[in-house]
Amino acid sequence: MRILLLTHAFNSLTQRLHVELKALGHEVSVEFDINDAVALEAVELHQPDLIIAPFLKRAIPESIWRQHVCLVVHPGIRGDRGPSSLDWAILEGEANWGVTVLQANGEMDAGDIWASVEFEMREAAKGSLYRNEVTDAAVEAIRLAVERFATGDYQPEPLDASDPDIRGEWRPLVKQTDRVIDWQRDTSEAVVKKIRSGDGVPGVKDTLYGREFFLYDARPETRLKGTPGQLIARCGPAICRATVDGAVWIGHLREKPGELPFKLPATHLLANEIVDLPAIEADDRTGYREIWYEESDGVGFLHFPFYNGAMSTAQCESLLTAYRAAKNRDTQVIVLMGGPDYWSNGMHLNLIEAASSAADESWCNINAIDDLAREIIETDSHLTIAALQGNAGAGGVFLARAADEVWVRRGVILNPHYKDMGNLFGSEYWTYLLPRYAGEENAARIVENRLPMGVDEAQSLKLIDRVIDPKREGFVPQVRQLAQAMIRTPAFTERLHYKNARRQADEAVKPLARYREEELEQMKRNFYGFDPSYHVARYNFVYKVPKSRTPLTLANHRWVASVRRVS
Ligand code: COA
C-alpha cells in the first residue's frame with residue numbers, strides 16, 4: 001500500500017511507525033505538516049492509498065480528509081478527546097490507558113474508530129510512557145487498522161458517547177494551573193506526579209531563587225527531609241527540594257525567559273545560587289544516581305540513565321572512570337546497560353549550546369566520548385556487551401557498537417548517522433566500526449540514507465547481535481541470565497582470545513589512533529571551519545526551531561518528483 005505519514009515532526013513514534021510499516025512491505029513516505037498547501041502537494045505527489053497522522057499539532061485540511069482516509073493516532077482510550085490525553089491520565093492516576101486510531105473528520109478526535117489498544121500505566125514521565133507503552137500500542141493499533149483498511153469492507157466504529165463502555169471523554173489542554181506545585185501542601189508523590197505529567201513538554205512552572213523555571217526529571221528522595229519548599233541538597237545534576245512528607249530530586253530545568261531558555265541540568269542553571277547547598281553522594285537509597293555499578297556471578301553491570309541519553313564531557317569522564325573500575329573487578333563480562341529510556345544519544349548538545357565557546361565544548365565532548373569508546377574497544381580482559389533497553393542515536397549507536405556484542409530490546413530504534421546535525425562528520429571510531437560490522441557498501445548507504453532503523457534491519461547489518469523480545473520489565477532479567485550463561489559456555493575463553501587476536505590484527509592494518517585522528521580532523525572543520533552548518537543545526541535542534549521543509553531522505557514523493565523533473 002502507498003502510505004503517507006503526515007506528521008508535525010519525525011519524532012520517536014513516527015520513526016517507529018516508519019520502520020514497522022516499511023517492514024510490512026508498504027511504500028511509506030513522510031511529509032511534515034507545515035501548512036495546508038504543503039500537505040496537499042504531498043498528497044498529490046505521493047497519491048497515497050492511506051494517510052496516517054502519528055503526531056499532529058493542527059487539524060488535517062478538509063480537502064484532504066474528504067478525499068482520502070486519514071488515520072489519526074490518538075494517545076488516549078476510546079472516547080478520550082483533546083490535546084493533553086497522557087498528561088491527564090498521569091495526573092488522574094489512571095491504572096490503564098490506551099491508543100486509539102481514529103478516522104479524521106471535521107471534529108477533533110471524534111472520528112470513527114479503526115482500532116484501539118490498551119496498556120497498563122507505569123509510574124514514569126510522560127515522555128517515557130510515550131516512547132514505550134504508547135508507541136508499542138500505536139504500532140499494534142496501526143497494524144490492525146491497516147489490515148482492516150486493506151480488506152476494503154471494514155466499517156470503522158462511530159464514537160457513541162452514550163455507550164456505557166466508553167470511559168473516555170473530552171478534556172481540555174492541561175494548563176500550568178492544573179499542575180502547579182503547592183510546596184506547603186503537596187506530598188512528594190503529588191509533586192513527582194505533577195512534574196512527570198509535563199515531562200518532556202512543557203514542564204511544570206515554578207520559582208527558584210526568584211527566577212522562573214520549568215521543572216523536569218523528578219525522582220523521589222527516600223531519606224532527606226527539610227522545611228517544605230526549601231532546597232536542601234544537591235547531587236550530580238540535581239537539586240533536592242523538601243516537601244511536606246520528604247523531598248524530591250529535580251534533575252533538569254528550563255528557564256523562560258532567560259539567557260539559556262532550554263533544558264539544562266539544574267545545578268548548571270543554578271550554579272551561583274547553590275554554592276552553599278550540601279552535596280551528597282548517591283547510593284541505591286538516597287540521592288540522584290546517574291551512574292552505578294552492580295555485579296553478580298562474574299558479570300558486572302554498569303548503568304548510566306542520563307536524561308534524554310545526552311552525554312556531556314563530565315558524564316563521559318565519570319563513566320570512563322566507572323568503566324575502568326569495572327574492568328579492574330574480578331569478573332568476566334561487563335554489560336553496559338545505559339538507561340531504561342535511552343542507551344545514548346551522543347554528545348550533550350544542550351550543554352554545548354550553553355557553553356561560552358560551543359566549538360571548544362564540542363571538541364572536549366567528542367574527545368571525552370572517544371576516550372570512552374576507545375577504552376571499550378581496547379578491553380582485552382572482559383567480553384563486553386551493550387544492552388539497549390531504549391533508543392540510541394548518532395554517536396550513541398557507535399559507542400554501543402564499540403562493545404563486543406550489542407543486545408537490543410525489540411522495538412528499540414537506532415539512528416546510526418550524524419549528517420542531519422548540519423553535516424556533522426561524527427567520531428566515536430565509527431569509520432572503523434561501521435564498515436567492520438556492516439561492510440563498506442552498507443556503511444556508505446547507512447551514512448547517506450540518514451534513516452531510523454529497527455532491530456531486524458540492524459541485526460541483518462550486524463549493527464546488533466541479538467534481539468531480546470520480552471516487554472520492558474522482562475528485558476533486564478533476561479540480559480542478566482544470558483550474560484551469566486555466556487560465561488558458562490565452554491567457548492567463552494576461546495571467544496576472548498579470538499576477539500583480542502582480531503583487535504590486534506585490525507590494529508596492525510590501521511591503528512585506532514589513525515581512525516580517530518582522521519575523524520577528528522573532519523570534526524575540527526565542523527566545529528571551527530568556515531561552514532557554520534553544524535552550529536546552525538545544533539541551535540535549531542536545541543531551540544526546537546520547527547522544520548521549514550521535509551528532508552528528501554524522508555519525503556520520497558518529493559525525491560521521485562525531482563528525479564522525474566530532471567529526466
Ligand atoms: N543532546 C541533548 N539533548 C538531546 C540529544 C543530545 N544529543 N539527543 C536528544 N536530546 C533530547 C531532545 O532535545 C529531546 O528533548 P525534549 O525532552 O526537550 O523533547 C529529547 O532528547 C528526545 O529527543 P527527540 O529528538 O525528541 O527524540 P527522537 O526519538 O524523536 O529522535 C534522535 C532521536 C537521536 C534522532 C534525535 O534525538 C537526535 O537527532 N539527537 C541528536 C543526536 C546527535 O546529533 N548527537 C550529537 C552527535 S554525537
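Guide: Let's start with D456 and R410, which form a salt bridge with their closest N and O atoms 3.3 Å apart; the term asks for a side-chain nitrogen of Lys or Arg within 4 Å of a carboxyl oxygen of Asp or Glu. D456 sits in helix α14 (residues 455–460) and R410 in the loop between β19 (405–409) and β20 (414–415), so the bridge ties together parts that are 46 residues apart in sequence. Helices here are DSSP runs of H or I with at least four residues, strands are runs of E with at least two, and both are numbered from the N terminus.

How covered are the two partners? D456 has a relative accessible area of 47%, so it counts as partly exposed, and R410, at 35%, is partly exposed as well. For the cut-offs, buried is under 20% relative accessible area, exposed is over 50%, and partly exposed is in between, with a 1.4 Å probe and protein chains only.

A word on what you're looking at: this is a predicted model, where local features need pLDDT of at least 70 and side-chain atom pairs count only at pLDDT 80 or more, while totals for chains, interfaces and linings use all residues. Residues are numbered from 1 along each chain as its sequence is written, and side-chain values use heavy atoms, with hydrogens and water left out.

Back to the charges. The structure holds 43 salt bridges. One of them joins E94 to R167, with the closest N and O atoms 3.2 Å apart. That pair links distant parts of the chain, 73 residues apart: E94 is in the loop between α4 (85–91) and β5 (96–103), and R167 is in the loop between α5 (126–151) and α6 (188–197). E94 counts as partly exposed at 21% relative accessibility, and R167 is partly exposed at 46%.

Then there's R122 with E133, where the closest N and O atoms are 2.6 Å apart. R122 lies in the loop between β6 (113–120) and α5, and E133 lies in helix α5 itself, so this bridge ties together parts that are 11 residues apart in sequence. R122 is partly exposed, with a relative accessible area of 25%, whereas E133 is buried at 11%. Salt bridges also link R16, E20, D136 and R143 in a network.

For the overall charge picture, the protein chain has 66 positive and 81 negative side chains, and the centres of the two sets lie 2 Å apart. Lys and Arg count as positive and Asp and Glu as negative, leaving out His and the chain ends; each charge is placed at NZ of Lys, CZ of Arg, CG of Asp or CD of Glu.

Now for some covered helices. In α12 (residues 430–438), 8 of the 9 residues are buried, so the rest of the structure largely encloses this helix. Its buried residues are W430, T431, Y432, L433, L434, P435, Y437 and A438. They pack against α10 (358–377), α11 (395–401), α13 (440–449), α16 (492–509) and α17 (512–528), a contact being heavy atoms within 4.5 Å.

R329 counts as partly exposed at 44% relative accessibility. Leaving aside residues up to four places away in sequence, R329 touches Y293, E295 and H382.

Finally, zoom out. The protein chain has 19 helices and 21 strands, and 55% of its 567 residues count as buried. Its radius of gyration is 24 Å, which agrees with the value near 24 Å for a compact globule of 567 residues; the radius is taken over C-alpha atoms, and the globule rule is 2.2 Å times the number of residues to the power 0.38. Those C-alpha atoms fill a box of roughly 70 × 65 × 55 Å along the principal axes. Among contacts between residues at least 6 apart in sequence, 70% join residues at least 24 apart.
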